[in-house]
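Here is a briefing on one protein model. Keep the sequence and the 3D view open as you read.

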Amino acid sequence: MSTEEEINPYELLNLTLEATEQDIRTTYRRLSLKVHPDRNPNNPDAARKFHELNQAYELLLDPLRRLALDTKVRAKQARAERFKAYDNKRKNLVEELEERERAFKRAKTEKAKEDATRRQEEETIKGEGRRMREERQKQMEREAEAKKKQSEPEETDLPPELEPTDTTVRIKYTLTDHPTLTTPDAIASLFRPFGQVDTETIVLSLKPPKKAPHKPPKHGTALVPFKRIGDAFAAVCASGRPESGLNGIEVGWVGGKEPLILAWLKKMGKLGTPAPVATTTEEPVRKAEKASLPQLQEPSNSFASFPDTFPNFSSAPRPDPAPSVAASGLDYQSLTLMRMRQAEKERLEREILEQEAAEEE
């Protein structure tokens, strides 16, 4: 039974389902002579093949058994056809899905290219717009500068505004070389040959060593205000020179930057001549102060760091409550100017402390 299921008699005899009984007999005789064991003594499979041929011949000659076999074969063929149709449909679906995927990838690639092209065009347009705006801005600036030069040609010879610390210098020295420079009066005496110094507003700082704060100070730093910027310039030029008495003393401008008024004086050729310097540096301040305080008189010992219209407080007492002020003869504006002077001194003290802290870092 298993042989009948495993071996198809029609395939063994090379016949179709429509073969007649005569076709079966004729084919059997021809194949039996070919595979008979007597004719194939050296073939060990000859007996098995001959036996299978006989079984297939007997099955096909039996009408009932052949009918059952035909039914099974036809069912198998129908199933194979169905599977073949399924395979074709599955194959078509797979091909369709692959084609859709390829089309999606192509569309995605094309879209990415289009986006990149669009972004590049946008960047080009933006860059061109920026360039045009910059050129337009530069053109407007050039036109404004040209108009300014045409409308204000006389302002090129005007001096810059005088800063409060333009006549103040910063000195630095070691106490081992200059043990006497421990008071504002000693510093004022040292720099008095260069010009008049405001002793009261000198800011002095004697700092002990950082690693040994209990020891005596080794270095000294001070801010020294002069009356004229030319005198301050002379002191800066004499920094460290023994013939000027500044051996080992470093003299520089406050903030480390040369005043703008000094560059203007150099340009105009007025630096070094006492009368023009005093007039040039003090005239803008006098005009500004006279406009705001017309009733004050100009003293002879004023300082450029503090405008010339400030009254002389060297011999006046410190500002006290109202009765003391009235007793000294100072009016409200004089008291205000005195407080401004004290505030300027405190600002200079803070500045020198900040510079020392920055140098230590």
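S32 sits in helix α3, which covers residues 21-35. Helices here are DSSP runs of H or I with at least four residues, strands are E runs of at least two, and both are numbered from the N terminus. This is a predicted model, where local features need pLDDT of at least 70 and side-chain atom pairs count only at pLDDT 80 or more, while totals for chains, interfaces and linings use all residues. Residues are numbered from 1 along each chain as its sequence is written, and side-chain values use heavy atoms, with hydrogens and water left out.

- Is S32 buried or exposed? S32 counts as buried because its relative accessibility is 10%. Buried means under 20% relative accessible area, exposed means over 50%, and partly exposed lies in between (1.4 Å probe, protein chains only).
- S32 is in contact with F50 and L53, leaving aside neighbours within four places in sequence. Contact means heavy atoms within 4.5 Å.
- I24 is also found in helix α3. I24 counts as buried because its relative accessibility is 0%.
- Which residues does I24 touch? Not counting residues up to four places away in sequence, they are L15, Y57, L60, L61 and R66.
- I24 and E58 are 34 residues apart in sequence, and their C-alpha atoms are 9.8 Å apart in space.

**The whole chain**

- The protein chain has 11 helices and 4 strands.
- Of its 361 residues, 31% are buried.
- Take the contacts between residues at least 6 apart in sequence: 62% of them join residues at least 24 apart.
- The chain exposes about 24,100 Å², and carbon and sulfur atoms supply 53% of that area. Accessible areas come from the Shrake-Rupley method with a 1.4 Å probe; for residues, only the protein chains shown count as cover.

**The sheet**

- Four strands form an open sheet in the order β2-β3-β1-β4, with antiparallel pairing. Two strands pair if DSSP finds at least two bridges between them.
- Axes are lines fitted to C-alpha atoms, for helices over the stretch in contact, and angles run from 0 to 180 degrees between N-to-C directions.
- β2 pairs with β3 (residues 219-225) in the antiparallel sense over 5 bridges. In β3, A222 is the bridge partner of L204.

**Helices across the sheet**

- Helix α6 (residues 184-191) lies across β1 (168-174), β2, β3 and β4, at about 110° to β1.
- Helix α7 lies across β1 and β4, at about 140° to β4.
- Helix α7 (residues 229-237) is mostly covered, with 7 of its 9 residues buried. Among them are I229, F233 and V236.

**The nonpolar cores**

- In soluble globular proteins, nonpolar side chains tend to be buried together.
- The largest nonpolar core has 30 residues; V169, I171, I187, F191, F226 and V251 touch the most other members. Such a core is a set of buried Ala, Val, Leu, Ile, Met, Phe, Trp, Tyr and Cys residues joined through side-chain atoms within 4.5 Å.
- The largest share of this core, 5 residues, comes from α7.
- Beyond four places in sequence, the contacts of V169 include A222, F226, A232, V236 and V251.
- A second, separate core has 16 residues, including I24, Y57, L59 and V73.
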